[in-house]
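Please have the sequence and the structure open as I speak.

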Amino acid sequence: MELSNLTLFSGETFDENVLGAVALHQTGNAPVQSALLHDFDVVVLMLHEEQEKERIITHTIAGERRTQTVHVGLSALERAVMAGDNNELLTSLIAGEVIWDPKGILGEMRREIIQFQGPLKERILFMEFSRFLHMYVKSKRYMEAGFTMDAYNCVLIALYHWARLEVSEAGCFPDPAVWEQVKGLNSSVHKLYEELTVSTETLDQRVELILLACEFAIMSKMSDCCTILLNILGSRKEPWSIKELLQHSGLSQLGAELPLVLRKLVSRSQIREIASWAEDAGDGHTVRYTL
């Protein structure tokens, strides 16, 4: 489809420098998880090289057709694929009709998602493991403080990331509706989800049971899921500071989780920490990490 024909969807005229466009139509088979389609006939995802705001949304009417257009930068869409935390962008990319892709960018992103191998799989495995660990630790701390409902909420999110991890380990890109994927795998995490949400045990007992299962899963999955981090640490002789690791393109989205993962790997003797003197460390020493 020529780019000029996008005006049939939205009534807007677009710069031909746009990198690509995907149209998600409101049909009986439309993905149920896409809130972007609510009360709209079509959503057009418009991909740009970069833009000042991460996402810009416009609404138009052409005849009886209501269109929502989402303008997004390439880096923001790549982050959505990696993080899995923007269901609407992912649904548009995966299920929409590619209507403009002169450089093949959207087609390549789709192929990587379908094949789900190499760097994409490694990064998603590490990201989901890091978030799984983070929410497990938060839930455990809440339980220790006697805040059972907060612990329940955190362990429920931990199970969600565990579910995405299970799907990824099975060789599939985790969909926004990940629990349906997990159900088809007959995975233990689905049974734990049911145990947490519908069991007749007390809430405290349910949370404690799930936390035990989470702890075992974290220990058993740590090495395989942290491959990308271990490879980065081993890519040079000099140890890495936490600042350098957070600036690395493969780890930059994990500001809250990465320090916890590093400490866990150190405690399991899978990596080493090295303390060295630095002018900006005050009376202490700078800690760096290596294999």
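In helix H9, the buried residues are Arg206, Val207, Ile210, Leu211, Cys214, Ala217, Ile218, Lys221, Met222 and Cys225, where buried means under 20% relative accessible area with a 1.4 Å probe, protein chains only. An α-helix has 3.6 residues a turn, so residues three or four places apart point the same way. Helices here are DSSP runs of H or I, at least four residues, numbered from the N terminus.

This is a predicted model, in which local features need pLDDT of at least 70 and side-chain atom pairs count only at pLDDT 80 or more, while totals for chains, interfaces and linings use all residues. Residues are numbered from 1 along each chain as its sequence is written, and side-chain values use heavy atoms, with hydrogens and water left out.

Staying with H9, which covers residues 203-225, there is a kink of about 35 degrees centred on Met219, the bend being the angle between axes fitted to the seven residues ending at a residue and the seven starting there. The buried residues of H9 pack against H5 (118-144), H6 (148-169), H8 (188-198), H10 (227-233) and H12 (258-267), contact meaning heavy atoms within 4.5 Å.

Now the core. A nonpolar core is a set of buried Ala, Val, Leu, Ile, Met, Phe, Trp, Tyr and Cys residues joined through side-chain atoms within 4.5 Å. The largest one has 77 residues, and Phe126, Leu229 and Leu245 have the most contacts inside it; H5 gives the most to this core, with 12 residues. Leaving aside residues up to four places away in sequence, Leu245 touches Leu229, Ile232, Leu233, Trp240, Leu251, Leu258 and Leu262.

Finally, the pocket. On a 1 Å grid over the protein atoms alone, a pocket is an open set of points with protein on both sides within 12 Å along at least five of seven lines, and lining residues have an atom within 4 Å of a point. What lies nearest the centre of the largest pocket? Of its 20 lining residues, these are Glu78, Met82, Glu112, Leu120 and Arg123. H2 (74-83), H4 (105-115) and H5 each supply at least two residues of that lining, with H4 giving the most, 7 residues.

Notes. Buried < 20%, exposed > 50% of the residue type's maximum accessible area, 1.4 Å probe, protein only. 1 Å grid on protein atoms, 1.4 Å probe; cavity = no way out; pocket = protein on both sides within 12 Å on 5 of 7 lines; lining within 4 Å.
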